[in-house]
Each structure stands twice: as structure tokens, then as C-alpha cells.
Amino acid sequence: MPLNILLLEDTDTDAELVERALRRAELSYALRRVDNEADFVRELNDDVPDVVLADYRLPTFDGLSALRIARERYPDLPFLIVSGTLGDEKAVEVLKLGATDYVLKDRLSRLAPAIIRAREELADRERRQRAESLVEQSRRIESLGRLATTMSHEFNNVLMIIQSAATQLERGGDPVIVAQLAKRIAGAVKRGQRITGDVARFTRPAQLNLQPLLLKAWLTSFSADLRSLLGLGVSLTVETSFDDLEVRADQGQLEQVLTNLAINARDAMPRGGRATLTIEEVALGDQKYAEIAFTDSGRGIEPDTLAHVFEPLFTTKPSGTGLGLAVCYQVIGAHGGEMYAESTLGEGSVFHVLLPRTENAER
């Protein structure tokens, strides 16, 4: 099939030289020529070319503008600048802006090989993208299989508890035993709700409702809920010297993140311990972040385990779904932030949450 070429060139002589170079290379092609922006955009939209050849400078248009237009519509379209003169600085500029290559008009013998190479590179990219797509599809199917297995196992456990308790309730008996069985059923239902909630949050993340949030005031208030989750055996301290550290965030989703971290910290300290919430300001490059660090004095996390804690469906808990920290990571990422963990065996763990600080917080 002939190569569909769109040529942006205003000079008849130069256009003929381009075609002569293509014929000399015995390249099979069909060429459409334009010399202004309106015609270029129309031809680009009417029939997507296999390659664009563009003069660097025209009376009312230029090759870089044509390049920007083409890249907006077709990011991978081979685009070659064909110019009479192009210094080193301009050559670097056009390549940085996304041109596939450039060919000088006094070296048009390079044109056909450059076109062929650009097409081959595009074909290679498309093959890689297809292969990556198949790998990603395979991973999704594998993840769905793991998710189905996890949910099946977890809900079987929930149903077994309910069934066992219901069977004993049918027999009647001491009111104290009945109350205990009812409590077991309520606990199993709560566990089932937690499983479905984790799955729903991971597969269908809620839309963010971003509002200005002063971290110290919020965490001071929310710490009462966290203390209740941690239990009487775990002390919680909130430390910050920043009264005006502000972010734009979805308060409800951030509370879900800290709730999950508190539950994990509690489970890591079955005999009690200490937890600390620290608020600091950190700078990464030009961006300033508010950092919330949740520290516990628990047993710590094995290095091999630590590398996977944010992966979906990865868990070391007998009754865990492996979605809690994955959801947390997803929520913080949606805020434009970062999340990572550090841990030392026998000493405890620190989970770091970084959120972009709002500009109006800098007073």
C-alpha cells in the first residue's frame, strides 16, 4: 500500500525536489501538499497521513506550529522537519518539541531512509504497546481471580460464623449465651461490611470533594476517634508546631486513610504500645508538602513484606483482604500526594502521607 504523505511546503521547486528524492529511493507513496495552516489542519483531519514532512519556515505558517497541531491530535504520528538551513540549536529544539527527525534540503538522500526508520520505530512502539496491553490485561484477570478467591474465602468465614451462631440460637438456652451469639453474628456482619467496603473503595474510588483543611485543627479533633480505635492499651500523641499548615483535601477520605493506619497500628501492638501523629512541612523540589507521619511502637514489618504493603490483595493478616493500604495509597495519589512506609523489626513502623500544601497557607 502506498505511503500516505502530507507535505507542508510553499515552494514548487522544493516540493519537486522532495518528490524526486522519494522516487529515486523507489518509495511507494501518495503525496498531498499544502502551504498554509487552514489546509494543513483540514488535510490532517480528513485523512490521517502515515507521515508528515514540513518545511521549517513558511510565509504565514511554520513547521513548529504544524508540529504542535499534529502532536495534539496524533501524538505518535511520524513528523519530519525538512529545512533549507537548521542550526544545531534549532535542530535540538525541534527534536525536544517532538519532531521524529529533521532532514536538510541539500541532503535529501537522507529523506527516504529517515521516513522508513520513523515508520519502523512507530511499528515497534505499537508492538510494544500491544504486548504491554496484553500483559496488563493478564494482570487484571489474575487480580480479579485473586480478588474472587479472597472474597470467597472471607465470606465463607463470615457465613460459617453466622450459620454456627444461628444453629445454636435455634436451640434456645441461657440468655447470656444468646447475647454472646448475637454479638458474634453482629461482629460477622460488620466484618462482611468491611470486606465489601474495601472492595467498593478500591474498584470504584469515590470522587474527591476537595476543601481547604487546616491539619492541626482537624487532627486534634479526629484524634479522639483514633484513640477509640486504638484501644485503652495504646497511647496516641499528636505533635505539630504548624498551626496554619493547610491542604486541599477530602476530609472524609483522609479520615478513612488514618482509620486504616490506626487499625494496622493496633494490630501490630496486641499488648499495647505508643502511637504518634506528627505533622511537618517538607519540600520536594519546588513543591512544598504537608507530611503526616503515623508512628507505632509495634513489632515492625519484615523487609520483604514492606516492599509489598501497598499492593492490592497483599496481606499478612489471616482475616485481611489486602485492600486497606492499597485503597489508602490510591486515595493519597488522587490528592496529588505520596505515601510510603519505613519499619524496623522490634521497634515499630512509620507510615508517611505527603499532601501538596496550598499556596494560601503560606502567610
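This is a predicted model: local features need pLDDT of at least 70, side-chain atom pairs count only at pLDDT 80 or more; totals for chains, interfaces and linings use all residues.
1. The protein chain contains 10 helices and 12 strands, and 39% of its 363 residues count as buried. The chain exposes about 20400 Å², of which carbon and sulfur atoms supply 51%.

2. Turning to the sheet, 5 strands form an open sheet with parallel pairing, and their order is 2-1-3-4-5. The edges are strand 2 (29-34) and strand 5 (101-104), each of which pairs on one side only. From one strand to the next, the twist averages 20°.

3. Strand 4, residues 79-83, runs parallel to strand 5 and is joined to it by 4 bridges; Ser-83, for example, has Leu-104 in strand 5 as its bridge partner. Helix 3 (residues 63-73) packs on this sheet, where it touches strand 1 (3-8), strand 3 (51-55) and strand 4, and the direction of helix 3 makes about 175° with that of strand 4.

4. The aromatic rings deserve a careful look, and the count comes to 4 aromatic pairs. A pair of aromatic rings is described by the distance of the centres and the angle of the planes. Trp-218 and Phe-222 form a stacked pair, with 6.1 Å centre to centre and 10° between the planes. These residues are 4 apart in helix 7 (residues 215-230), so about one helical turn separates them, and both Trp-218 and Phe-222 are buried.

5. Phe-310 and Phe-351 form an edge-to-face pair, with 6.2 Å between the centres and 85° between the planes. Because Phe-310 lies in the loop between helix 9 (303-306) and helix 10 (324-334), while Phe-351 lies in strand 12 (residues 348-356), the pair ties together parts that are 41 residues apart in sequence. Phe-310 has a relative accessible area of 17% and is therefore buried, since the cut-off is under 20%; Phe-351, at 7% relative accessibility, is buried as well. Ring pairs link Phe-310, Phe-351 and Tyr-329 into a cluster.

6. The structure holds 14 salt bridges. In one of them, Lys-105 is paired with Glu-9, and the closest N and O atoms are 2.9 Å apart. Lys-105 sits in the loop between strand 5 and helix 5 (111-170), and Glu-9 in the loop between strand 1 and helix 1 (12-24), so this pair ties together parts that are 96 residues apart in sequence. Both ends are buried, with a relative accessible area of 18% for Lys-105 and of 2% for Glu-9. Lys-105 and Glu-9 also belong to a network of salt bridges that links them with Asp-14 and Asp-55.

7. How exposed are the residues in other salt bridges, such as the one where Glu-16 and Arg-23 meet? The side chains of Glu-16 and Arg-23 come together at 2.8 Å, N to O, and Glu-16 is partly exposed with a relative accessible area of 32%, as is Arg-23 with 44%. Arg-42 and Glu-43 meet in a salt bridge at 3.4 Å, N to O; here Arg-42 is partly exposed at 38% relative accessibility, whereas Glu-43 is buried, with a relative accessible area of 16%.

Methods
Residues are numbered from 1 along each chain as its sequence is written. Side-chain values use heavy atoms; hydrogens and water are left out. Two strands pair if DSSP finds at least two bridges between them. Helices (H or I, at least four residues) and strands (E, at least two) are DSSP runs, numbered from the N terminus. Axes are lines fitted to C-alpha atoms, for helices over the stretch in contact, and angles run from 0 to 180 degrees between N-to-C directions. Contact means heavy atoms within 4.5 Å. Buried means under 20% relative accessible area, exposed over 50%, partly exposed in between (1.4 Å probe, protein chains only). Accessible areas come from the Shrake-Rupley method with a 1.4 Å probe; for residues, only the protein chains shown count as cover. Rings of Phe, Tyr and Trp (its six-membered ring) pair if their centres lie within 6.5 Å; planes under 30 degrees apart count as stacked, over 60 as edge-to-face and the rest as tilted. A salt bridge is a side-chain nitrogen of Lys or Arg within 4 Å of a carboxyl oxygen of Asp or Glu.
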